[in-house]
Amino acid sequence: MRSMRWVCALVILGALASCGEPQPDVTVDAGDPAAASDSASGAGASVALGAAPPAFGICRSCHSVEKGQTVVGPSLYGVYGTRAGDVPGYDFTPGLKASGLVWNDATLDKWLTSPVAMVPDTRMGYAGQPDPAKRKLIIAYLKTLH
């Protein structure tokens, strides 16, 4: 029993240690069609295919971007365009499964603003991203994960 507590403590400490971990700035050639740009919102940054924006660092403390790899939360690989609660290998809450949400720009923007406000019984312990430009960059990155 004691060893299980140590394992749990180490997993939690590892997740917390990666929170806010600095991520490299991501820039892309303006002519690169594989990049998702957010210049219209004034964010002035682009996300290259497969390169996470700095705002994504907090997500990595609980989520993997590798197909089928569950960490604390489900993998984010291929999540864009799917139904909420449909990632294989993760036990979602009944509320999220029954929500009927499909992860697109609008639902992800609302979710990233406040997951608990959108689905009260979610296990996602993330307060939300208040910056709309950062949310757009995260969503653009999620679209590349497939």
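A: Let us begin with contacts, which are heavy atoms within 4.5 Å. Leaving aside residues up to four places away in sequence, Trp 103 touches Val 79, Tyr 80, Gly 81, Thr 82, Arg 83, Ala 84, Leu 96, Leu 108 and Trp 111. This is a predicted model, in which local features need pLDDT of at least 70 and side-chain atom pairs count only at pLDDT 80 or more, while totals for chains, interfaces and linings use all residues. Residues are numbered from 1 along each chain as its sequence is written, and side-chain values use heavy atoms, with hydrogens and water left out.

Q: Which residues does Ala 84 touch, and is Ala 84 buried or exposed?
A: Burial is read from relative accessible area: buried means under 20%, exposed over 50%, and partly exposed in between, with a 1.4 Å probe and protein chains only. Ala 84 is buried at 3%. Not counting residues up to four places away in sequence, Ala 84 touches Leu 96, Lys 97, Ser 99, Leu 101 and Trp 103. Between Ala 84 and Val 102 the C-alpha to C-alpha distance is 5.8 Å, although 18 residues separate them in sequence.

Q: How many helices and strands are there, and in what order do the elements run?
A: Both are DSSP runs numbered from the N terminus: helices are H or I with at least four residues, strands are E with at least two. The chain has 5 helices and 2 strands, in the order α-β-β-α-α-α-α from the N terminus on. Ala 84, for instance, lies in the loop between β2 and α2.

Q: Which residues have the most contacts inside the largest nonpolar core?
A: A nonpolar core is a set of buried Ala, Val, Leu, Ile, Met, Phe, Trp, Tyr and Cys residues joined through side-chain atoms within 4.5 Å. The largest one has 24 residues, and those with the most contacts inside it are Phe 56, Leu 96, Trp 103, Trp 111 and Leu 142. Helices α3 and α5 each supply at least two residues of this core, and α5 gives the most, with 4 residues.

Q: Which residues of α3 are buried, and which exposed residues lie on the face turned away from them?
A: A helix can be viewed down its axis, with the arc taken from the directions from the helix axis to the C-beta atoms. In α3 (residues 105–113), the buried residues are Thr 107, Leu 108, Trp 111 and Leu 112. They fall within an arc of 125°, so they line one face of the helix. The face turned away from the buried side carries the exposed residues Ala 106 and Lys 110, and Lys 110 has a relative accessibility of 52%. The cover over the buried residues of α3 includes α2 (94–98), α4 (115–118) and α5 (132–144).

Q: Where is Arg 135, and what does it touch?
A: Arg 135 is in helix α5 and is buried, with a relative accessible area of 8%. Not counting residues up to four places away in sequence, Arg 135 touches Asp 109, Leu 112, Thr 113, Gln 129 and Pro 130.

Q: How many aromatic pairs does the structure hold?
A: Rings of Phe, Tyr and Trp (its six-membered ring) pair if their centres lie within 6.5 Å; planes under 30 degrees apart count as stacked, over 60 as edge-to-face and the rest as tilted. The structure holds 3 aromatic pairs. One of them is the edge-to-face pair of Phe 56 and Tyr 141, at 4.7 Å centre to centre and 70° between the planes. This pair links distant parts of the chain, 85 residues apart: Phe 56 is in the loop between β2 (46–47) and α2, and Tyr 141 is in helix α5. Phe 56 is buried at 0% relative accessible area, and Tyr 141 is buried at 2%.
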